[in-house]
Amino acid sequence: VKRNLISNTPLANIIETETAHIIELAIPGVNKEEVTIDLKENKLTIGLAKKEESVEKTNLKERREFNYSKFSRVFNLPKNIDFEKIEAKNENGILTVTIPKKEEEIKKNRTITIK
């Protein structure tokens with residue numbers, strides 16, 4: 001009997017730009033329907049639950065294998081986030097969550113030139 005239980009949590013790239021925070025996760029072979037993204041207070045939770053079943057038929061019998069993948073990552077978000085404008089997309093095996101900063105916070109940022 002061969003059992004596969006995969007619970008590898010993908011590493012995250014966290015990028016901060018002048019206007020947003022961006023979280024990228026590599027999740028190849030995963031459909032968007034298998035991913036959940038929840039926001040509660042200042043915590044963003046990204047989760048996956050994926051079940052697969054394969055059937056191999058030979059002349060004498062049928063062999064079935066089950067595979068279950070699951071992970072959950074929680075990210076603490078800063079308070080300067082525009083929660084209503086958070087977006088997510090899943091392209092080419094990369095889940096990208098874009099978390100915009102509030103406009104008033106963007107305007108407060110500036111580069112100071114040394115004289």
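The side chain of E34 reaches the backbone nitrogen of N31 at 2.8 Å. That is a polar contact: N or O atoms within 3.5 Å, where within protein one must be able to donate a hydrogen and the other to accept it, and residues adjacent in sequence count only if both atoms are side-chain atoms. The model is predicted: local features need pLDDT of at least 70, side-chain atom pairs count only at pLDDT 80 or more, and totals for chains, interfaces and linings use all residues. Residues are numbered from 1 along each chain as its sequence is written, and side-chain values use heavy atoms, with hydrogens and water left out.

E34 sits in the loop between β3 (20-26) and β4 (35-40). Helices (H or I, at least four residues) and strands (E, at least two) are DSSP runs, numbered from the N terminus. Is E34 buried or exposed? E34 has a relative accessible area of 19%, so the residue is buried. Buried means under 20% relative accessible area, exposed over 50%, and partly exposed in between, with a 1.4 Å probe and protein chains only.

Beyond residues up to four places away in sequence, E34 touches G29, G47, L48, A49 and K50. Contact means heavy atoms within 4.5 Å. G29 lies in the loop between β3 and β4. Its relative accessibility is 59%, so G29 counts as exposed. Neighbours within four places aside, G29 is in contact with E34 and K50.

**Salt bridges**

How many salt bridges does a search of the whole structure find? The search finds three. A salt bridge is a side-chain nitrogen of Lys or Arg within 4 Å of a carboxyl oxygen of Asp or Glu. Side chains of opposite charge can pair when their charged atoms come close.

| Pair | N to O distance |
|---|---|
| K101 and E16 | 2.7 Å |
| K85 and D82 | 3.8 Å |
| K89 and E91 | 4.0 Å |

K101 and E16 meet in a salt bridge. This pair links distant parts of the chain, 85 residues apart. K101 is in the loop between β8 (94-100) and α1 (103-108), while E16 is in strand β2 (residues 12-16). K101 is buried, with a relative accessible area of 5%. E16 is exposed, at 53% relative accessibility.

In the K85 and D82 salt bridge, D82 is buried at 19%. K85 is partly exposed at 49% relative accessibility. In the K89 and E91 salt bridge, K89 is partly exposed at 46%. E91 is also partly exposed, at 46% relative accessibility.

**Strands and sheet**

The chain holds one helix and eight strands. Along the sequence the pattern is β-β-β-β-β-β-β-β-α.

An open sheet of four strands runs in the order β2-β3-β8-β7, with antiparallel pairing. Its edge strands are β2 and β7 (87-91), each pairing on one side only. Neighbouring strands of this sheet are turned by 15° against each other on average, direction ignored. Axes here are lines fitted to C-alpha atoms, for helices over the stretch in contact, and angles run from 0 to 180 degrees between N-to-C directions. Two strands pair if DSSP finds at least two bridges between them. β2 and β3 pair in the antiparallel sense over five bridges. The bridge partner of A12 in β3 is L25.

Strand β5 (residues 43-57) and strand β6 (residues 62-76) pair in the antiparallel sense over 15 bridges. They form a hairpin with four residues between them. S54 stands opposite E65 in β6.

**Core and contacts**

Which residues touch the most other members of the largest nonpolar core? They are L44 and I46, in a core of 15 residues. The elements giving two or more residues to this core are β3, β5, β6 and β8. A nonpolar core is a set of buried Ala, Val, Leu, Ile, Met, Phe, Trp, Tyr and Cys residues joined through side-chain atoms within 4.5 Å. In soluble globular proteins, nonpolar side chains tend to be buried together.

Leaving aside neighbours within four places in sequence, L44 is in contact with residues including I23, I37, L39, V74, F75, V97 and I99. D38 and R73 are also among them.

Buried residues make up 27% of the 115 residues in the chain. Of the contacts with a separation of 6 or more, 53% join residues 24 or more positions apart.
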